[in-house]
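Student: I have a new model open and would like to go through it piece by piece. Can we take it by topic?

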Amino acid sequence: MVKKALKSAIGVSIGTTIGGVVLPRILFSKFYNNTYPPILEQTLLYFAISYVVCFFVALLIEWIKK
């Protein structure tokens, strides 16, 4: 149950990170000024937070299924 939640959280968090940080920072770079953190720092932070949240949601779903 935990292994399945860990595996499913990786894909979702990578997608969330790409869609929430990488693409907007690359496509709309003129909207980001010096107040934003560097893209690498923001990407790692966004990935870590989304991974933890996705893990707990997937774990909860697996627990409810059982």
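**An exposed leucine, then the rest**

Tutor: Leucine 40 counts as exposed, because its relative accessibility is 60%. Keep in mind that this is a predicted model.

Student: Which element is leucine 40 in?

Tutor: Leucine 40 belongs to helix H2.

Student: Which residues form the nonpolar patch on the surface?

Tutor: The patch consists of Ile10, Ile14, Ile18, Leu23, Ile26, Leu27, Phe28, Phe31, Ile39, Leu40 and Leu44. Together they have about 1100 Å² of accessible area.

Student: Which element gives the most to the nonpolar patch?

Tutor: H1 does, with six residues. H1 and H2 each supply at least two.

Student: Switching to the inside. What is in the largest nonpolar core?

Tutor: Five residues: Ala5, Ala9, Cys54, Phe55 and Ala58. The elements giving two or more residues to this core are helix H1, residues 2-27, and helix H2, residues 39-65. H2 provides the largest share, three residues.

Student: And what does alanine 9 touch?

Tutor: Not counting residues up to four places away in sequence, alanine 9 touches Tyr51, Cys54 and Phe55. Cys54 and Phe55 are also members of that core.

Student: Back to H2 as a whole. How many residues does H2 have, and what is its reach?

Tutor: H2 has 27 residues. From its first C-alpha to its last, H2 reaches 38 Å, close to the 39 Å expected at 1.5 Å a residue.

Student: Which residues of H2 are buried?

Tutor: Gln42, Thr43, Ser50, Cys54, Phe55, Ala58 and Glu62. What covers the buried residues of H2 includes H1.

Student: Let me pick serine 50 from that list. What is serine 50 in contact with?

Tutor: Leaving aside neighbours within four places in sequence, serine 50 is in contact with Ser13, Thr16 and Thr17. Serine 50 has a relative accessible area of 9%, and therefore counts as buried.

Student: How far apart are serine 50 and threonine 16?

Tutor: They are 7.2 Å apart in space, C-alpha to C-alpha, and 34 residues apart in sequence.

Student: Charges next. How many salt bridges does the structure hold?

Tutor: Two. In one of them the side chains of lysine 4 and glutamate 62 meet, at 3.7 Å from N to O. Lysine 4 is in helix H1 and glutamate 62 in helix H2, so this pair ties together parts that are 58 residues apart in sequence.

Student: What does glutamate 62 form a salt bridge with besides that?

Tutor: Glutamate 62 also forms one with lysine 65, where the closest N and O atoms are 3.8 Å apart. Glutamate 62 and lysine 65 both lie in helix H2, three residues apart, about one turn of the helix.

Student: Why does one turn matter for that spacing?

Tutor: An α-helix has 3.6 residues a turn, so residues three or four places apart point the same way.

Student: How do the salt bridges join up?

Tutor: They share partners, and Lys4, Glu62 and Lys65 are joined into one network.

Student: Is glutamate 62 buried or exposed?

Tutor: Buried, because its relative accessible area is 15% and the cut-off for buried is under 20%. Lysine 65 is exposed, with a relative accessible area of 61%.

Student: What else is glutamate 62 in contact with, leaving aside its neighbours within four places in sequence?

Tutor: The contacts are Met1 and Lys4. Lys4 is the salt-bridge partner already mentioned.

Student: Last topic, the loop. Where does lysine 30 lie?

Tutor: Lysine 30 is in the loop between H1 and H2.

Student: Buried or exposed, for lysine 30?

Tutor: Exposed, because its relative accessibility is 71%.

Student: And how far is lysine 30 from glycine 19?

Tutor: Their C-alpha atoms are separated by 17 Å, and the two residues are 11 residues apart along the chain.

Technical notes. Residues are numbered from 1 along each chain as its sequence is written. This is a predicted model: local features need pLDDT of at least 70, side-chain atom pairs count only at pLDDT 80 or more; totals for chains, interfaces and linings use all residues. Side-chain values use heavy atoms; hydrogens and water are left out. A nonpolar core is a set of buried Ala, Val, Leu, Ile, Met, Phe, Trp, Tyr and Cys residues joined through side-chain atoms within 4.5 Å. Buried means under 20% relative accessible area, exposed over 50%, partly exposed in between (1.4 Å probe, protein chains only). Helices (H or I, at least four residues) and strands (E, at least two) are DSSP runs, numbered from the N terminus. Contact means heavy atoms within 4.5 Å. The expected span of a helix is 1.5 Å times one less than its number of residues. Patches are made of residues with over 30% relative accessible area and no salt bridge: like charges are joined within 9 Å, nonpolar side chains (Val, Leu, Ile, Met, Phe, Trp, Tyr) within 5 Å. Accessible areas come from the Shrake-Rupley method with a 1.4 Å probe; for residues, only the protein chains shown count as cover. A salt bridge is a side-chain nitrogen of Lys or Arg within 4 Å of a carboxyl oxygen of Asp or Glu.
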